[in-house]
Amino acid sequence: MDGRGRAIVLIGFMGSGKSSAGRILERRTGWPRFDTDEMVSARFGRPIPAIFEEFGEEEFRNAETEELGRLSGITPAVVVTGGGIVLRPGNVELLRRVGTLVHLEADEETLFRRVSRRATRPLLQTADPRATLVELLRVRLPLYRQAADVHLDTSHLTHEEVAEAVLEKLQSI
Ligand code: S3P
């Protein structure tokens, strides 16, 4: 792990449980938590859907990368990322310097059930959100898998169990 920080970095698709697990990990570790969606939202002074609507995805992605840049050197910490963070290879490189990348996975059915609870994901506000999810997942799953140091299937776990399993897995690497 030479040159790597000590942060726990959660990556994964929308609905994989990153935000909830991140809050529990913050409490369990006592480390500060940084959530890239919250950081971008604060930067624009708007919720994520409004940023996509007013500025577009590209501006959101630029801000996401810039906010990520502010994380270098913060260690130890819990870092929660947006599901699209892996789309830019430079983002992944940066995150790998910050800490250990934990990929929270879930099966398609579970992801869809979780994301359907709230209409806060602009990318899924389409005529056929299920088909959109399947397509996004097809493109992104290999990226998460390639980027991550550790993988965890959260489909049948509570948020507390996810946090517990993350801590256990990190102890063993
Ligand atoms: C996105 C995921 C969202 C948020 C934005 C874009 C994506 O974060 O960053 O809506 O491209 O997958 P969550 O993964 O926390 O839902």
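**Close-up views of the ligand and its pocket**

**View 1. The largest pocket of this predicted model has a volume of about 800 Å³.** A pocket here is an open set of points on a 1 Å grid over the protein atoms alone, where a 1.4 Å probe fits, with protein on both sides within 12 Å along at least five of seven lines. Its lining residues have an atom within 4 Å of a point. There are 33 of them, and those closest to the pocket centre are Ser-19, Asp-37, Arg-118, Thr-120 and Arg-121. Residues are numbered from 1 along each chain as its sequence is written. Local features need pLDDT of at least 70, side-chain atom pairs count only at pLDDT 80 or more, totals for linings use all residues, and side-chain values use heavy atoms, without hydrogens and water.

**View 2. Helix H1 (18-29) gives the largest share of this lining, four residues.** Helices are DSSP runs (H or I) of at least four residues. By class, 10 lining residues are nonpolar, 11 polar and 12 charged.

**View 3. The ligand sits in the largest pocket, surrounded by 14 residues.** Sitting there means that more than half of its atoms lie within 2 Å of the grid points; a surrounding residue has a heavy atom within 4 Å. The closest are Lys-18, Asp-37, Arg-61, Arg-121 and Arg-140.

View 4. The protein covers 95% of the 390 Å² of accessible area (Shrake-Rupley method, 1.4 Å probe) that the ligand has on its own.

Methods. Grid points are joined across faces, edges and corners, and a volume is the space filled by probe spheres set on the points. Helices (H or I, at least four residues) and strands (E, at least two) are DSSP runs, numbered from the N terminus. Ala, Val, Leu, Ile, Met, Phe, Trp, Tyr, Cys and Pro count as nonpolar, Asp, Glu, Lys and Arg as charged, and the others, Gly among them, as polar.
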